Amino acid sequence: MRAVIVAIGVAFLVSLLATPLAIKVFTRLKAGQPIRAEGPAMHQGKKGTPTMGGVVFILATVIAYVAGHLALTTLPDAQIAQVEPTITALVLLGLMVFSGAVGFIDDFLKVRKRHSGGLNKRGKLAGQILVGALFGVVALYFPSTMTDPSGTATNTETVGSTTLSFIRDIPALEIGKIGAIIVIIMVVMAATNGVNLTDGLDGLATGASVMVLAAYALIAFWQYRHWCADPNYPAGEYCYTVRDPLEIALIAGAAAGACVGFLWWNTSPARIFMGDTGALGLGGLIAGMAMSTRTILLLPILGGLFVIITMSVVIQIISFRTTGKRVFRMSPLQHHFELAGWSEVNIVVRFWIIAGIGVAIALGLFYSEFLAAVT
């Protein structure tokens, strides 16, 4: 727990203190956010606000991960904590950094062209598939080599699984490595686009992501305290078969702390936007969290707000193309309520409440499964 707390604190401070510097740098570089002409008219006042702020909390997460590992060296159970960096960290941070890189290219092109177009849809899709496939392969083909002091293997798990999972792996839903890589790609695409679509109002996607990442920190730490690979855990007790749960908790906590620090400057009225850099980076990390904690089918509940907003876009497109009519005044959903007269702050707070409800339901399902098994 000490290492997780250190990572959260370091990430928060780095993000909180570095974001004003990023605002100055991006302002000086004239990296202002272009605003879509067809978007809500009230958004035109945000034109020129620095973008690509996601760079800050992505770097803060990586720095905090290193700080958390330094704290791990003081733990008495360092063998169980796995002080050395792991493949799990490579996959999770890799998904965050490389998904963020795809978003950075998109943001850079928007700024350079002074247009909201950025990277075309095929280019962005290709980038998401490539990142998902690359780290999907790493997640499935590199098992842990963790051993106890006697040299006996205690964990040979991979980061990802060849079965679908809800609260844990579902043995009956075996899909093989190729199928698992396809699923990972789909989850990465869904999560990155979900967070990106949600990022339309000041602080909305940042706050919702904090809740989801904090939930994954709790889930992963609970798995660490009830970990099948821990030789000190009572034999026969109900446990979780995952790889490196403390690493997962540390990174999830660090990312949540970094987002809170960024939210200080990103809340309404935002002085900086996360841009696609941040949205895709967070989406990639959230997808990695679902994969590594073996809770892929729980993600749609945990990230319920992202699902709702994504579905509003899908419904709008289908309705307009089939009937010529729009279901919403504008999609994504948050813009519908803007045009209905809701203030930006009201929409953000109420949508945060919806995000919190999804997180609460998902955590309830996760912990109730454990309680049902031990009682």
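Predicted model: local features only at pLDDT ≥ 70, side-chain atom pairs only at ≥ 80, totals over all residues.
Which residues make the nonpolar surface patch of about 600 Å²? I found Val-137, Tyr-141, Phe-142, Ile-178, Ile-182 and Met-186. (Patch residues have over 30% relative accessible area and no salt bridge, with nonpolar side chains joined within 5 Å; a salt bridge is a side-chain nitrogen of Lys or Arg within 4 Å of a carboxyl oxygen of Asp or Glu.) Helix 5 (121-141) and helix 6 (176-198) each give two or more residues, and helix 6 has the largest share, three. Helices are DSSP runs (H or I) of at least four residues, strands (E) of at least two.

Numbering runs from 1 along each chain, and side-chain values use heavy atoms, without hydrogens and water.

I checked Ile-182, in helix 6: it is partly exposed at 46% relative accessibility (buried is under 20%, exposed over 50%, partly exposed in between, with a 1.4 Å probe and protein chains only).

Next to the rings. I looked up Tyr-141 again and saw Lys-177 over its face, 4.2 Å from the ring centre (NZ of Lys or CZ of Arg within 6 Å of the centre and within 35 degrees of the normal). Arg-350 lies over the face of Trp-342 at 4.7 Å.

Then helix 7 (residues 204-225): Phe-221 and Tyr-224 both lie there, three residues apart. Phe-221 is buried at 17%, and Tyr-224 is buried at 6%.

Key:
Patch = residues over 30% accessible without salt bridge, like charges linked within 9 Å, V, L, I, M, F, W, Y side chains within 5 Å. Areas by Shrake-Rupley, 256 points an atom, 1.4 Å probe, with all protein chains shown as cover.
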